[in-house]
Amino acid sequence: MSLDIAKAWNSEIISGDSMQVYRGMDIGTAKIPLDEREGIPHHLIDICEPEVPYSAADFQAGATQAIAQIAERGKLPFIVGGTGLYVESVCYQFQFAEIGSDEAFRQEQERYAAEHGAEALHARLAAIDPPAGERLHPNDLRRVIRALEVYHMTGQTFSEQQAGQTKVSPYELCIIGLTLDRAELYRRIEQRVDEMMQQGLVDEVRQLLDRDLPPAAVAMQGLGYKEIADYLRGNCTLEAAVERLKRDTRRFAKRQLSWFRHMNGIHWIDMGENFHNNLQTVHAIIAGKFQVNLEYTSNQSF
């Protein structure tokens, strides 16, 4: 759908996915292959190595620059993806405070997680910052520790800081969200995981581990990577890793929807209906937003 929309509206696509920035992480992030992009430029894909930590602030800076460059070319910037904080930080130009870090505190939390388990550390976060505890998976160790660190250093929770952001956009936004029946969504998630396994996800994760990436590396926190890495380290069977990946992806989808439900101005489309009709609906929403006559947007017939 993103390709159809981009072609119709003379757009360039900016990936809104937090993991597609990494080179060598193709299967687990479901990157669209270069030969399937139909000539549509895609930005913020394959821009750094897995050893490099990449944050929401980094994404905001990169996406903001890409938006300006795309607009200068007379094209429409189009963010496609679902990392809530990343997308919202660009839409509303969040201010990321220079809080700094406390390495001793981080190491203390890592030791606690190693000794008592990721769930126990996550419980600490949930106790002081319930909204962040709901959004973050216990296995997302880096972000859980960062949220705890923010509270440790400022006395203010991460969620309180986010709530204080001004939701005023410098852009003329047209935001479209896709929904699907829960049972069908879960079926597709399980099918997608099975396809990733067939495409060689285990080998892809093995190659990352061969680079001696630390377990807490940002890249290794992505869905599919931490679960398969556990299998390759001998902590569980492959069958158990795959089942956990399916479960964690279902949970992520639920948290993802919850995040976007709190964003204002989203036009929701039920993808269980006819694809062509949905595409027509999307084109009508965009045309209405920008007050464009559909007849003049492209040579396509809507």
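Predicted model: local features only at pLDDT ≥ 70, side-chain atom pairs only at ≥ 80, totals over all residues.
Reader: How many bridges join strand 1 and strand 2?

Author: Strand 1, made of residues 11-15, pairs with strand 2 in the parallel sense over two bridges. If you want to locate one of the partners, look at Ile13, whose bridge partner in strand 2 is His42.

Reader: Staying with rings for a moment, how many aromatic pairs does the count give?

Author: The count comes to one aromatic pair. It consists of Phe59 and Tyr86, whose ring centres are 5.2 Å apart and whose planes stand at 35°, so the pair is classed as tilted.

Reader: Where do Phe59 and Tyr86 lie?

Author: Phe59 belongs to helix 2 and Tyr86 to helix 3, residues 84-91, so the pair ties together parts that are 27 residues apart in sequence.

Reader: Changing topic, at what angle do helix 9 and helix 12 cross?

Author: The axes of helix 9 (residues 182-199) and helix 12 (residues 238-261) cross at roughly 140° and come within 10 Å. The two helices are therefore oblique to each other, and helix 9 passes helix 12 in a right-handed crossing.

Reader: Which residues make that contact?

Author: On the helix 9 side they include Leu185, Tyr186, Ile189 and Glu190, while helix 12 contributes, among others, Val242, Leu245, Lys246 and Arg250. Taken by type, the residues of the contact of helix 9 with helix 12 divide into nine nonpolar, one polar and six charged.

Reader: What about helix 10 and helix 11, at what angle do they pack?

Author: Helix 10 (residues 201-209) and helix 11 (residues 225-232) pack at an angle of about 80°, and their axes are 9 Å apart. That angle makes helix 10 roughly perpendicular to helix 11.

Reader: Who is in that contact, and how many of the residues are charged?

Author: Helix 10 supplies residues including Leu201, Val205 and Leu209, and among those from helix 11 are Tyr225, Ile228 and Leu232. The residues of the contact of helix 10 with helix 11 divide into ten nonpolar, no polar and two charged.

How values were computed. Residues numbered from 1 in each chain as written. Heavy atoms only, no water. Pairing = 2+ DSSP bridges. Helix = DSSP H or I, 4+ residues; strand = E, 2+ residues; numbered from the N terminus. Axes fitted to C-alpha atoms, helices over the stretch in contact; angles between N-to-C directions. Parallel < 35°, antiparallel > 145°, perpendicular 65-115°, else oblique. Left-handed = near helix turned anticlockwise from the far one by under 90°. Contact = heavy atoms within 4.5 Å. Nonpolar A, V, L, I, M, F, W, Y, C, P; charged D, E, K, R; others polar. Phe/Tyr/Trp six-rings, centres within 6.5 Å; stacked < 30°, edge-to-face > 60°.
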